[in-house]
Amino acid sequence: KKIEGRNKPKKQMNKGPLRPWMMQEEELVNLTLEEAPMAKIIQMDGNSNNGEEDGSDAKLEAKKASDAQRRQWWEELKQIIIKILTDSKPNTPTNISFEQTYNLVYNLSRQSPEILVRNLQELIKTHLDRTLRQELIPLLSRRSNEETETDKNNNSVIFLSVLHRKWEELNSANEIFNGVFIYLHNCFLKQFDFSFSDINRGLFYEVIFSDHVLQIQ
């Protein structure tokens, strides 16, 4: 005896496009490649015959195309990261496309999260090293043997205020990074129990405490 309804086709639900930047972290962990929105992961086999041939020339062309796409994604993301670091101020919005940034991070994370993290670390450390030295070292160069105690105290206050301002600017940038790097966090960083903000704060400390000029002064 047939049970009524057993053979009825399942009703397809129209969920619409997903927006991961509006989802909870536990939902993002379970996102599949097919569900990820606007993530154009290119499948390149170098042929138009559905893989019937698999020659070395086709593989080489596919690798070149994949490398070119990855470089393009990275160059676009790099410009956005620099803009976030440069423009971020406490209580001030930064004008970037959250959607575009998320998708670039998603695409690069799917290819190699390790390489992406390493490139981001190098980029942000270079930026911090340049900007911190640019603002702090001129303050130290004002010092002389003829300074009064009051002058020394004033210069120290100015130095610490600039250092504090740069720290607050980095924290403001981190608030944005925590959003756009959510996929990278869930697929890679979470297993090490730290966030991208933790990496940036560590880089800040490294620049301050490893710079020989700052340490001598």
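**Aromatic pairs**

I started at Trp167, which is buried, with a relative accessible area of 19%. My cut-offs: buried is under 20% relative accessible area, exposed is over 50%, and partly exposed lies in between (1.4 Å probe, protein chains only). The areas come from the Shrake-Rupley method with a 1.4 Å probe, and for residues only the protein chains shown count as cover.

Before going on, a note on the source: this is a predicted model, so local features need pLDDT of at least 70 and side-chain atom pairs count only at pLDDT 80 or more, while totals for chains, interfaces and linings use all residues. Residues are numbered from 1 along each chain as its sequence is written, and side-chain values use heavy atoms, with hydrogens and water left out.

How many aromatic pairs does the structure hold? I get nine. Rings of Phe, Tyr and Trp (its six-membered ring) pair if their centres lie within 6.5 Å; planes under 30 degrees apart are stacked, over 60 edge-to-face, and the rest tilted.

I looked at Tyr102 and Tyr106 and found them stacked, 6.4 Å centre to centre with 25° between the planes. They sit four residues apart in helix α3 (residues 98-111), so about one helical turn separates them. Tyr102 is buried at 1% relative accessible area, and Tyr106 also counts as buried at 1%.

Back to Trp167: with Tyr205 it forms a stacked pair, 5.5 Å centre to centre and 25° between the planes. This pair links distant parts of the chain, as Trp167 is in helix α5 (residues 149-180) and Tyr205 in helix α7 (residues 196-210), 38 residues apart. Buried or partly exposed, this Tyr205? Partly exposed, at 44% relative accessibility.

I also noted one aromatic cluster made of Tyr102, Tyr106 and Tyr183.

**Overall fold**

I counted eight helices and zero strands. Helices are DSSP runs (H or I, at least four residues), strands are E runs of at least two, and numbering goes from the N terminus. Of the 217 residues, 36% count as buried. The protein exposes about 14500 Å², with carbon and sulfur atoms supplying 49% of it.

I checked contacts next (heavy atoms within 4.5 Å). Among those between residues at least 6 apart in sequence, 74% join residues at least 24 apart.

**Core**

The largest nonpolar core has 39 residues. By my definition, such a core is a set of buried Ala, Val, Leu, Ile, Met, Phe, Trp, Tyr and Cys residues joined through side-chain atoms within 4.5 Å. Ile81, Phe177, Phe181 and Leu184 have the most contacts inside this core. At least two of its residues come from each of α2 (56-87), α3, α4 (113-141), α5 and α7, and α4 gives the most, with 10.

I then clicked on Phe177. Leaving aside neighbours within four places in sequence, Phe177 is in contact with Ile81, Ile84, Leu85, Ile124, Phe196 and Asn200.

**Cavity**

I searched the whole structure and found one cavity of 30 Å³ or more. On a 1 Å grid over the protein atoms alone, a cavity is a set of points where a 1.4 Å probe fits but cannot get out, and lining residues have an atom within 4 Å of a point. The largest cavity holds about 80 Å³ of space. Its lining includes Leu85, His127, Lys166, Glu169 and Phe204. Which helix gives the most to the lining? That is α4, with four residues.

Conventions. On a 1 Å grid over the protein atoms alone, a cavity is a set of points where a 1.4 Å probe fits but cannot get out, and a pocket is an open set with protein on both sides within 12 Å along at least five of seven lines; lining residues have an atom within 4 Å of a point. Grid points are joined across faces, edges and corners, and a volume is the space filled by probe spheres set on the points.
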